[in-house]
Amino acid sequence: MIIGTLLNIEHTRPGERQPTEYYSKVIEDNEEFIYIDYPVNKKTNKTAFLPIGAIFSITYMTKDETIYHFKSELIDRVKMNVPALAIRKPDKSHEKIQRRQFVRIETAIDVAIHPLDNSFIPFTTVTRDISGGGISIILPDHITWGEDKEVDVWLAFGEYTGKMRYLNMRAKTVFVKKEKSTVKIGSFQFTTITKHDQQHIIRYCFEKQRERRKKEISV
């Protein structure tokens, strides 16, 4: 882990069932601690003030695009060039992240959906969110979907380098729901995807988070 590494943090407050998600970055480290800037809530984009002793679940990406996960604890608040938090450094046993733990971001990416069984006419739409493990998309209202329905997915998105990336994979329906606005949302899990393509999606997600973090700092 190097200075400037983007961290994705989950913390479950007392009495809450689901963790709250934050992002932060590494400012400095030593043999015992990692110093990070104050986490920002992903949903509200507000700086979070967490209690000493809070337990974190943290994921981050290395330069070779490997994702790691570890547990840590908030040890102290410190004054550096900017206010920072000292968290306990992971030992060498921290693990590579599992598929179900991929970071998911809300973003609109152009996507084309093709059937495998000619049950509907191919259509284009946009994603609601995406991760290395799957996507949620806005579905046409007239198409009926069943669980485990498998489709061909084509994604087109611009990378941080400015290059357009076109990916193709297969995915199956996890669930379909209608939101209050009557928009139909379909959630899909990737069933066939190359590691190379998956890493492009993971990198895209991390770069999007980095962009949002920079905007937050500049405000």
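In which loop is the place of Asn118? Asn118 sits in the loop between β10 (110-115) and β11. Before going on, a word on what you are looking at. This is a predicted model, where local features need pLDDT of at least 70 and side-chain atom pairs count only at pLDDT 80 or more, while totals for chains, interfaces and linings use all residues. Residues are numbered from 1 along each chain as its sequence is written, and side-chain values use heavy atoms, with hydrogens and water left out.

Asn118 counts as exposed, at 72% relative accessibility. Here, buried means under 20% relative accessible area, exposed means over 50%, and partly exposed is in between (1.4 Å probe, protein chains only). Asn45 also has a phi near 60°, again positive in a residue that isn't glycine. You'll find Asn45 in the loop between β4 (40-41) and β5 (55-61), and with 37% relative accessibility it counts as partly exposed.

Strands are said to pair if DSSP finds at least two bridges between them. β2 (residues 20-29) runs antiparallel to β3, and three bridges join the two. Getting from β2 to β3 takes a hairpin of three residues. β3 also pairs with β7, again in the antiparallel sense, over five bridges. There, Tyr35 has Ala86 of β7 as its bridge partner.

**Strand β12 and its partners**

β11 and β12 run antiparallel and are joined by four bridges, with a hairpin of two residues leading from β11 to β12. Thr127 has Ile137 of β12 as its bridge partner. β12 pairs with strand β15 (residues 184-192) as well, in the antiparallel sense and over six bridges. In that pairing, Leu139 meets Lys184 of β15 as its bridge partner.

**Salt bridges**

How many salt bridges does the structure hold? There are six, a salt bridge being a side-chain nitrogen of Lys or Arg within 4 Å of a carboxyl oxygen of Asp or Glu. Three of them are picked out here:

| Pair | N to O distance |
|---|---|
| Arg88 and Glu73 | 3.9 Å |
| Asp129 and Arg104 | 2.5 Å |
| Asp141 and Lys178 | 3.1 Å |

Take the Arg88 and Glu73 salt bridge. Arg88 lies in strand β7 (residues 83-88) and Glu73 in strand β6 (residues 67-79), so the pair ties together parts that are 15 residues apart in sequence. Arg88 is partly exposed at 37% relative accessibility, and Glu73 is partly exposed at 27%.

Asp129 is buried, with 13% relative accessibility, whereas Arg104 is partly exposed at 36%.

Then there is the salt bridge between Asp141 and Lys178. Asp141 is in the loop between β12 (134-139) and β13 (150-158) and Lys178 is in strand β14 (residues 164-178), so to speak distant parts of the chain, 37 residues apart. Both residues of this pair, Asp141 and Lys178, are exposed.

**The largest pocket**Arg104 turns up again at the largest pocket, where Glu21, Lys42, Val103, Arg104 and Ile105 lie nearest the centre among 41 lining residues. On a 1 Å grid over the protein atoms alone, a pocket is an open set of points where a 1.4 Å probe fits, with protein on both sides within 12 Å along at least five of seven lines; lining residues have an atom within 4 Å of a point. The volume of the largest pocket is about 1,200 Å³, counted as the space filled by probe spheres set on the points, with grid points joined across faces, edges and corners.

What is the lining made of? It divides into 11 nonpolar, 16 polar and 14 charged residues. In this count, Ala, Val, Leu, Ile, Met, Phe, Trp, Tyr, Cys and Pro are nonpolar, Asp, Glu, Lys and Arg are charged, and the others, Gly among them, are polar.
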